[in-house]
Amino acid sequence: MNLSSPINLLIAGIYFLLVVVLSFFSVFGVYVLVRYAQSRMVALGVSLLYGFFYLTILSASYSNLQQILK
């Protein structure tokens, strides 16, 4: 990732800011799901599944960011 260009630095900064905001809301959503669900086991299963998909998408988007900033 080449961050010497101001445009690349701006793109990376916006990306990381969006990741932080989305991660905060994801953690908050999982907390609410586990805390207030009728069945805690189902809520835990859904939360783990959501976490797996979220991390997979986050990994793919970071890989795309690295390709853009080359």
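Trainee: Before we start, what is a nonpolar core?
Mentor: A nonpolar core is a set of buried Ala, Val, Leu, Ile, Met, Phe, Trp, Tyr and Cys residues joined through side-chain atoms within 4.5 Å. Keep in mind that we are looking at a predicted model.

Trainee: How many helices and strands does the protein have?
Mentor: There are 2 helices and 0 strands. The radius of gyration is 16 Å, well over the 11 Å that the globule rule gives for 70 residues, so the protein is more spread out than a compact globule.

Trainee: What box do the C-alpha atoms fill?
Mentor: Roughly 50 × 15 × 10 Å, taken along the principal axes.

Trainee: And how much of the protein is buried?
Mentor: Buried residues make up 14% of the 70 residues. The protein exposes about 5500 Å², and carbon and sulfur atoms supply 76% of that area.

Trainee: What does V19 touch?
Mentor: If you leave aside neighbours within four places in sequence, V19 is in contact with Y54 and L58. V19 and Y62 are 43 residues apart in sequence, and their C-alpha atoms are 9.7 Å apart in space.

Trainee: What about contacts across the whole chain?
Mentor: Take the contacts between residues at least 6 apart in sequence: 64% of them join residues at least 24 apart.

Trainee: Which residues does L69 contact?
Mentor: Leaving out neighbours within four places in sequence, L69 is in contact with M1, N2, L3, N8, I11 and A12.

Trainee: N8 is on that list. Is N8 buried or exposed?
Mentor: N8 counts as buried, at 15% relative accessibility. N8 lies in helix α1, and it touches N2, L3 and L69, not counting residues up to four places away in sequence.

Trainee: Changing topic, how many aromatic pairs are there?
Mentor: A search of the whole structure finds 6 aromatic pairs. In one of them, the rings of Y15 and F16 have their centres 5.3 Å apart and their planes at 70°, so that pair is edge-to-face.

Trainee: What about the F24 and F25 rings?
Mentor: Their centres are 5.5 Å apart and their planes are at 65°, so the F24 and F25 pair is edge-to-face. F24 is exposed, with a relative accessible area of 54%, and F25 counts as exposed at 52%.

Trainee: Which residues do ring pairs link into a cluster?
Mentor: Y15, F16 and Y62. Y15 also belongs to the largest nonpolar core.

Trainee: Last one: where is S5?
Mentor: S5 is in the segment before α1, and it counts as partly exposed at 25% relative accessibility.

Terms used. Residues are numbered from 1 along each chain as its sequence is written. This is a predicted model: local features need pLDDT of at least 70, side-chain atom pairs count only at pLDDT 80 or more; totals for chains, interfaces and linings use all residues. Side-chain values use heavy atoms; hydrogens and water are left out. Rings of Phe, Tyr and Trp (its six-membered ring) pair if their centres lie within 6.5 Å; planes under 30 degrees apart count as stacked, over 60 as edge-to-face and the rest as tilted. Buried means under 20% relative accessible area, exposed over 50%, partly exposed in between (1.4 Å probe, protein chains only). Contact means heavy atoms within 4.5 Å. Helices (H or I, at least four residues) and strands (E, at least two) are DSSP runs, numbered from the N terminus. The radius of gyration is taken over C-alpha atoms; the globule rule is 2.2 Å times the number of residues to the power 0.38. Accessible areas come from the Shrake-Rupley method with a 1.4 Å probe; for residues, only the protein chains shown count as cover.
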